[in-house]
Number of protein chains: 2
Amino acid sequence: MDNFSFYSPTCFVFGKDAESKVGACVKRFGGSRVLIHYGGGSAKRSGLLDRVRASLDKNGISYVELGGVKPNPRSGLVYEGIELCRAEKVDFILAVGGGSVIDSSKAVAAGTLYDGDFWDFYCGRRISEALPLGTVLTIAAAGSEGSPDSVITKEEGMLKRGASGDALRPKFSILNPALTQTLPPYQTAAGATDIIAHLYERYLTNTTEVEVTDRLIEALMLTMKHEAPRVIADPDNYDARANIMWAGMMAHNNAVGVGRSQDWNSHNIEHELSALYDCAHGAGLAVTMPAVFKYVMNHDVMRFAQVAVRVWGCDMDFAHPEKTALAGIEALKNFLKSIGMPVTFEELGAKKEDIPTLVNVLCHGNGRSGYIQGFVRLDEEDCRKIYESM
Amino acid sequence: MDNFSFYSPTCFVFGKDAESKVGACVKRFGGSRVLIHYGGGSAKRSGLLDRVRASLDKNGISYVELGGVKPNPRSGLVYEGIELCRAEKVDFILAVGGGSVIDSSKAVAAGTLYDGDFWDFYCGRRISEALPLGTVLTIAAAGSEGSPDSVITKEEGMLKRGASGDALRPKFSILNPALTQTLPPYQTAAGATDIIAHLYERYLTNTTEVEVTDRLIEALMLTMKHEAPRVIADPDNYDARANIMWAGMMAHNNAVGVGRSQDWNSHNIEHELSALYDCAHGAGLAVTMPAVFKYVMNHDVMRFAQVAVRVWGCDMDFAHPEKTALAGIEALKNFLKSIGMPVTFEELGAKKEDIPTLVNVLCHGNGRSGYIQGFVRLDEEDCRKIYESM
């Protein structure tokens, strides 16, 4: 096991009607002038925004609002949010939505206190401070409610890049599984796929002797395998939603990923897809993961056999472990298909003729030197083959 | 799943030589005048205390010291610590040791800022504030390094009672697995048993639909089953020590126990044993757990069958699930025996003639009304039978 630091000082308030505590939470963590940041109309239509406002009013907290965050959140709205926060002397940001809204809020939080262009943070600049933020989560997916991470897409060149820093960890996150019951099945499935991807990205490691985190990651994978089909079959199943919601947070606050090298090649390869085609990140991952895993499987056949046996219930073929490894990848692919995810390039709306562009931006964008490095190092030729195999 | 709040704002610094960062950690969390609280001679002999002092010196942090914490830490030393902190204007407490030292430190931290008798907190009074504290952990066991809990024994009447409060969560905990390599095998095994007990106490629940936490608890049990025999066979196995150390923290900061009722009957029944006989808490649990589990098994046979199959690798007897349930308890008992733990009342040094006293203090001490309530309600008759079956 590798040395590590782990610091997750987010207060999670979980359960039915938890959003009624949002005003008290903002107060507890020092907010007095809030930016409510949200996405499209669903938070309005469902009455969630009204309930959030009522809780802030009740606690004597004033606020301004900025809606309009889109999936794969854009830099344009971040600049707008930063200006608004400065003009209105906002001291706390409240994200009401999913990963896109939270990631946009994190960018605004860091950008407001920074003299330069916030995009610097997405090009590697260290984040030393940010406005405090809290979240009211409306989809189990990105794990941004408990993570120090944010991913933003810059319209110019459609560059999708991430930033990270302890200052971006939410002070509190309100997790009410009932809020996810109205999601369309496709979004629920895409969220579940994102959670599963966060687990695989941590599972694929070159660090040895990591029994505790292997087992914890497998535990969350088994949960998703059990619960995701239940919510697809019955969207109103509160308990299945609740299990998924905690699994989604645990999958990404890194408690189960400490002390080991991680992969993140699938995320990097997918980011170019959702940047170019504006598809759901989870849907892109459903297409990407099986292709990447088949391509890199021989780097550590026993690791893929282990997850096949322990999570997907495959029989171990002791004479041919590679067959077990492959069966596990097929089981994952079939599982993703069964919950309604696309599993081919075409189903995603991607085009083979764009592959040279995808590979070029992937391997040379954002200061990369012709390859991406994770569980294995993938150069342009590798990435081209992976996109072609989707 | 039940509603819950989860807040674990402890910064964990994990790995080889991590204690060299203790001065920087104290500074980061605002300490300038420290009480170093520790136990017997091993922290001195090993040179750990010298390294801690050197790191504080390097960061310009002054300190006073109070050693002498014993296993099953006593109220007497807590009073001494409180006086010392007040006299020396201590603003940060640094626990260097295991669960006993950390629990004693937590009591001092809360007591220093309280006008009344600190024991009030161990009789149910809410803890609203405490001096900030950090830990340098020397044994994987109690999980106090990441928990809001503390257990203290009052000499007068040998009452062993717990207190809990978010203010008792350490600001930081330094976890260097190498520091545990010099422990005697018996202490290592007792620590592992305590961790396993923290998992069973959470596993035994009356809440339904708790897949995610069931799976996470099982993951940590599987880790302990794999790693504990490895450190007993090879005390210098750093990686096995490291896996156990993170499992021990995760078992008790409650990330895997949220949203479900918990048991804690085994701990309560054991506390009377270690209070009366001053045995190692883990050793007492090794004797207590199988006896309690057999007694309460029929309350939920399928829960015991589930852990038997998923953790202990028992075959499921579909015609007679109670046989599987029992096989799992036997497997646990054999496992504890195999790592060197006592599994009978006599091996523990306990005496059958003390049972009436044990039952009386257990069921009537500290304001209890003739029973203890956990996974099942156990009255005096139940508790007598359980002690007699050990």
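## Basis

This is a predicted model; local features need pLDDT of at least 70, side-chain atom pairs count only at pLDDT 80 or more, and totals for chains, interfaces and linings use all residues. Residues are numbered from 1 along each chain as its sequence is written, and chains are lettered from A and ligands numbered from 1 in the order in which they are written.

## Two copies

A rotation of 180 degrees, with 0.0 Å of shift along its axis, places chain A on chain B with an RMSD of 0.0 Å (least squares on C-alpha atoms of residues with pLDDT of at least 70 in both). The copies are thus related as by a two-fold rotation axis. In chain A, the C-alpha of Pro9(A) is nearest the axis, 1.9 Å from it.

## The contact

Four bridges join β2(A) to β1(B), and the strands run antiparallel (pairing takes at least two DSSP bridges). Phe14(A) stands opposite Phe4(B).

## Helix α3 of chain A

Leu48(A), Leu49(A), Val52(A), Ser55(A) and Leu56(A) are buried in α3(A), residues 48–58 (buried: 20 or more other C-beta atoms within 10 Å of its own; exposed: 12 or fewer). They fall within an arc of 125 degrees seen down the axis, so they line one face of the helix. On the other side, Asp50(A), Asp57(A) and Lys58(A) are exposed.

Just after the helix, Gly60(A) takes a positive phi of about 65 degrees.

Key: Helix = DSSP H or I, 4+ residues; strand = E, 2+ residues; numbered from the N terminus. Arc of directions from axis to C-beta.
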